[in-house]
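Visitor: I am new to this structure. Could you show me how to read it, one feature at a time?

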Amino acid sequence: MSNHCQVLGSRAGKGNTVSHSHRKTRRRFEPNLQRKRYFVPSLGRRVTLTLTPRGIKTIDKYGIDAVIARLVANGEIRV
């Protein structure tokens, strides 16, 4: 699975794990990535995207056709 959201571009962040004694060790904050399939009427086929929940809400708001058109323009997916 890719390590970023295809709609928003969210990637893993870096930070510290802080123990009870306040010792700090490095860690990664991974995004909540999920694979989701959408039927795209303009393409006439299904497309599988790797998304965060916020990316799913973005698709719900603007529609799958608008989001796919932007992804194709940016070269994120091929038609």
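Guide: Let us begin with a strand pair: threonine 17 stands opposite threonine 25 in E2. Keep in mind that this is a predicted model.

Visitor: How many bridges join E1 to E2, and do the strands run parallel or antiparallel?

Guide: Six bridges link E1 and E2, and the two strands run antiparallel. They form a hairpin with five residues between them.

Visitor: Which residue in that turn has a positive phi?

Guide: Histidine 22 does, at about 70°. That is a positive value in a residue other than glycine. Histidine 22 sits in the loop between strand E1 (13-18) and strand E2 (24-29).

Visitor: Is histidine 22 buried or exposed?

Guide: Read the relative accessible area. Exposed means over 50%. Histidine 22 has 56%, so the residue counts as exposed.

Visitor: What about E3 and E4: in which sense do they pair?

Guide: E3 and E4 pair in the antiparallel sense, over seven bridges. Arginine 35 faces threonine 50 in E4. This hairpin has four residues between its strands. Glycine 44 takes a positive phi there, near 75°.

Visitor: Now the helices. How do I read a helix face?

Guide: Start with the general idea. An α-helix has 3.6 residues a turn, so residues three or four places apart point the same way. Now the case here. In H2, Ile64, Val67, Ile68 and Leu71 are buried. Viewed down the H2 axis, these buried residues fall within an arc of 95°, so they line one face of the helix.

Visitor: What do the buried residues of H2 pack against?

Guide: They pack against strand E3 (34-40), strand E4 (45-51) and helix H1 (53-62). Just after H2 comes glycine 75, with a positive phi of about 80°.

Visitor: Which residues of H1 are buried?

Guide: Gly55, Ile56, Thr58 and Ile59 are the buried residues of H1. Their arc, seen down the H1 axis, is within 155°, so they too line one face. On the other side of H1, Arg54, Lys57, Asp60 and Lys61 are exposed. The buried residues of H1 pack against E3, E4 and H2. Just after H1, glycine 63 has a positive phi of about 95°.

Visitor: At what angle do the axes of H1 and H2 cross?

Guide: They cross at roughly 115°, and the axes come within 6 Å. From H1, the contact uses Thr58, Ile59 and Tyr62; from H2, it uses Ile64, Ala66 and Val67. By class, five of these residues are nonpolar, one is polar and none is charged.

Visitor: Let me take one residue from that contact. Why does valine 67 count as buried?

Guide: The cut-off is under 20% relative accessible area. Valine 67 is at 3%, so it counts as buried. Valine 67 belongs to helix H2 (residues 64-74). Leaving aside neighbours within four places in sequence, valine 67 contacts Val7, Thr58, Ile59 and Tyr62.

Visitor: How far is the C-alpha atom of valine 67 from that of serine 10?

Guide: The two C-alpha atoms are separated by 16 Å. Along the chain, valine 67 and serine 10 are 57 residues apart.

Visitor: And threonine 58, is that residue buried or exposed?

Guide: Threonine 58 has a relative accessible area of 14%, so it is buried. This residue lies in helix H1. Not counting residues up to four places away in sequence, threonine 58 touches Val7, Leu8, Gly63 and Val67.

Visitor: Which residues does isoleucine 64 contact?

Guide: Leaving aside neighbours within four places in sequence, isoleucine 64 is in contact with Tyr38, Phe39, Val40, Pro41, Leu49 and Ile59.

Methods: Residues are numbered from 1 along each chain as its sequence is written. This is a predicted model: local features need pLDDT of at least 70, side-chain atom pairs count only at pLDDT 80 or more; totals for chains, interfaces and linings use all residues. Side-chain values use heavy atoms; hydrogens and water are left out. Buried means under 20% relative accessible area, exposed over 50%, partly exposed in between (1.4 Å probe, protein chains only). Contact means heavy atoms within 4.5 Å. The arc is that of the directions from the helix axis to the C-beta atoms. Two strands pair if DSSP finds at least two bridges between them. Axes are lines fitted to C-alpha atoms, for helices over the stretch in contact, and angles run from 0 to 180 degrees between N-to-C directions. Ala, Val, Leu, Ile, Met, Phe, Trp, Tyr, Cys and Pro count as nonpolar, Asp, Glu, Lys and Arg as charged, and the others, Gly among them, as polar.
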